[in-house]
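Work through these exercises with the model open beside you. Try each task before you read its solution.

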Amino acid sequence: MLKIFFYALLYYCLTVQTAHPVVEIAFTPSKVCEEKIIELINNSQSSIDVAVYSINNQQIIDALYRARQRDVSIRILTDKLQASGKYSKVEEMHSNGLNIRVHTKNKIEHNKFAVFDGKSASTGSFNWTNAATSKNSENCLFLINEPDYAKIYQQRFEELWEMNTETKSEQWFEKRRIRNELNN
């Protein structure tokens, strides 16, 4: 009996993959997109790269802070006009040490995708905002354990990150800081 168990266990270990590819689709208004993004952030072990037009969803931001505390490398590229908006959390995130850049090359940075550990990705119309979760009609596509697709998004992120330099982004943040000080 022990021999049969051993061979069954060996067969299982040799034939079953630990990470099966999954594609998930979700729509808002609902918490599904937000919760899945938070799950992907929480499960990330090495890197999270985000290109998102607008970000102010505190639950997602808190998940990013927790990931940073776990030493997950985080890079965020966002739109500078949206970053200067009334509800934006971009300056706060930057002040709190998240590696965040505002775009400097294209008219707007309208992407909404993220790559998690180089093997999963999220994309769609969903901005990482409260309105996208609770008020807007948005969509999310999650490519879980799909490294071939994640690689395509990762390559695009690297292109965007390089063309939107740290120097110009930091200049933007400095101008915003000075403007805020003068207005207070």
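**Exercise 1. The largest nonpolar core**

Task: In this predicted model, find which members of the largest nonpolar core touch the most other members.

Solution: 
- Step 1. The largest nonpolar core has 35 residues.
- Step 2. I41, I48, L64, M93 and W128 touch the most other members.
- Step 3. Helix α3, residues 58–69, gives the most to this core, with 6 residues.
- Step 4. In soluble globular proteins, nonpolar side chains tend to be buried together.

**Exercise 2. The contacts of I41**

Task: List what I41 touches, not counting residues up to four places away in sequence.

Solution: 
- Step 1. I41 is one of the buried residues in α2.

**Exercise 3. The span of helix α2**

Task: Check the span of helix α2 against 1.5 Å a residue.

Solution: 
- Step 1. Helix α2 covers residues 32–43, which is 12 residues.
- Step 2. The expected span is 1.5 Å times one less than the number of residues. For helix α2 that gives 16 Å.
- Step 3. The end C-alpha atoms of α2 are 16 Å apart, so the two values agree.
- Step 4. Now look at burial. In α2, C33, E34, K36, I37, I38, L40 and I41 are buried.

**Exercise 4. The largest pocket**

Task: Describe the lining of the largest pocket by residue and by class.

Solution: 
- Step 1. The volume of the largest pocket is about 210 Å³.
- Step 2. K36, E39, L40, N43, S44 and Q45 are among the lining residues. The lining also includes F116, D117, K119, S120, I144 and N145.
- Step 3. By class, there are 3 nonpolar, 5 polar and 4 charged residues.
- Step 4. The largest share of the lining, 4 residues, comes from α2.

**Exercise 5. Placing Q82**

Task: Locate Q82 and name its contacts beyond four places in sequence.

Solution: 
- Step 1. Q82 belongs to helix α4, residues 80–83.
- Step 2. Q82 has a relative accessible area of 26%, so it is partly exposed.
- Step 3. Q82 is in contact with Y53, S54 and S88, leaving aside neighbours within four places in sequence.
- Step 4. N56 is 26 residues from Q82 along the chain, and their C-alpha atoms are separated by 10.0 Å.

**Exercise 6. A cis peptide bond**

Task: Where is P29 found, and what kind of peptide bond joins T28 and P29?

Solution: 
- Step 1. P29 is in the loop between β1 (22–27) and α2.
- Step 2. The bond joining T28 and P29 is cis, with omega about 10°.

Key. Residues numbered from 1 in each chain as written. Predicted model: local features only at pLDDT ≥ 70, side-chain atom pairs only at ≥ 80, totals over all residues. Heavy atoms only, no water. Helix = DSSP H or I, 4+ residues; strand = E, 2+ residues; numbered from the N terminus. Buried < 20%, exposed > 50% of the residue type's maximum accessible area, 1.4 Å probe, protein only. 1 Å grid on protein atoms, 1.4 Å probe; cavity = no way out; pocket = protein on both sides within 12 Å on 5 of 7 lines; lining within 4 Å. Points joined across faces, edges and corners; volume = space filled by probe spheres on them. Nonpolar A, V, L, I, M, F, W, Y, C, P; charged D, E, K, R; others polar. Core = buried A, V, L, I, M, F, W, Y, C linked by side-chain atoms within 4.5 Å. Contact = heavy atoms within 4.5 Å.
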